[in-house]
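This briefing starts from one side chain and then turns to the whole chain. Please look at the sequence and the model first.

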Amino acid sequence: MQIRHATMEDIKQIVVVEERCFPPAEAAREEDFRERLSVYPNHFWLLLDGENIVSLVNGMVTDEADLRDEMYEDAGLHDENGKWQMIFGVNTLPEYRKQGFAETLLRQAISDAKSQSREGLVLTCKEKLIHYYAKFGFVNEGISQSVHGNAVWYQMRLKF
């Protein structure tokens, strides 16, 4: 297994992973990924098994303390000098789950954010995953303002 940052050449595989991990209402589109990769590729981590992407974590950096739905669609809101690493997606192909791959990538994202002197990371998740992110030190801040995909999301924050 290899960890590296994504490039535009990875876009087709990234879209396949996204579509297999999220329902259509919640999945990012190819255009969204193209925009993200053109603006902040160094905040897009991949775990590969050979040449195949099996897990990915991505998100922008901002001074805003809370994750807003607009951030998913507007890569122009990224601020490389921002205080907070937002996490938009933690995806692992179903056949690779429960093997620690998402954890490996998330720990890399956390390590990178810390080494970049960020204040921490913010993500949203569904209620059933609150305990998963808590094991990394994320604290549940309650129901998020996000209505992404017409789902109920909880905002989680990890402060350094």
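The side chain of Gln 85 makes a polar contact with the side chain of His 43, at 2.7 Å; a polar contact is a pair of N or O atoms within 3.5 Å, where within protein one must be able to donate a hydrogen and the other to accept it, and residues adjacent in sequence count only if both atoms are side-chain atoms. This is a predicted model, in which local features need pLDDT of at least 70 and side-chain atom pairs count only at pLDDT 80 or more, while totals for chains, interfaces and linings use all residues. Residues are numbered from 1 along each chain as its sequence is written, and side-chain values use heavy atoms, with hydrogens and water left out.

**Surroundings of Gln 85**
- The Gln 85 side chain also reaches the backbone oxygen of Gly 59, at 3.0 Å.
- Gln 85 sits in strand E5, residues 84-87; strands (E, at least two residues) and helices (H or I, at least four) are DSSP runs, numbered from the N terminus.
- With a relative accessibility of 1%, Gln 85 counts as buried (under 20% relative accessible area, 1.4 Å probe, protein chains only).
- Beyond neighbours within four places in sequence, the residues in contact with Gln 85 include Trp 45, Met 60, Ala 113 and Leu 121 (contact: heavy atoms within 4.5 Å).

**Whole protein**
- The protein has 5 helices and 9 strands.
- Of its 160 residues, 49% are buried.
- Among contacts with a separation of 6 or more, 66% join residues 24 or more positions apart.
- The C-alpha trace spans about 35 × 30 × 30 Å along its principal axes.

Notes: Buried means under 20% relative accessible area, exposed over 50%, partly exposed in between (1.4 Å probe, protein chains only).
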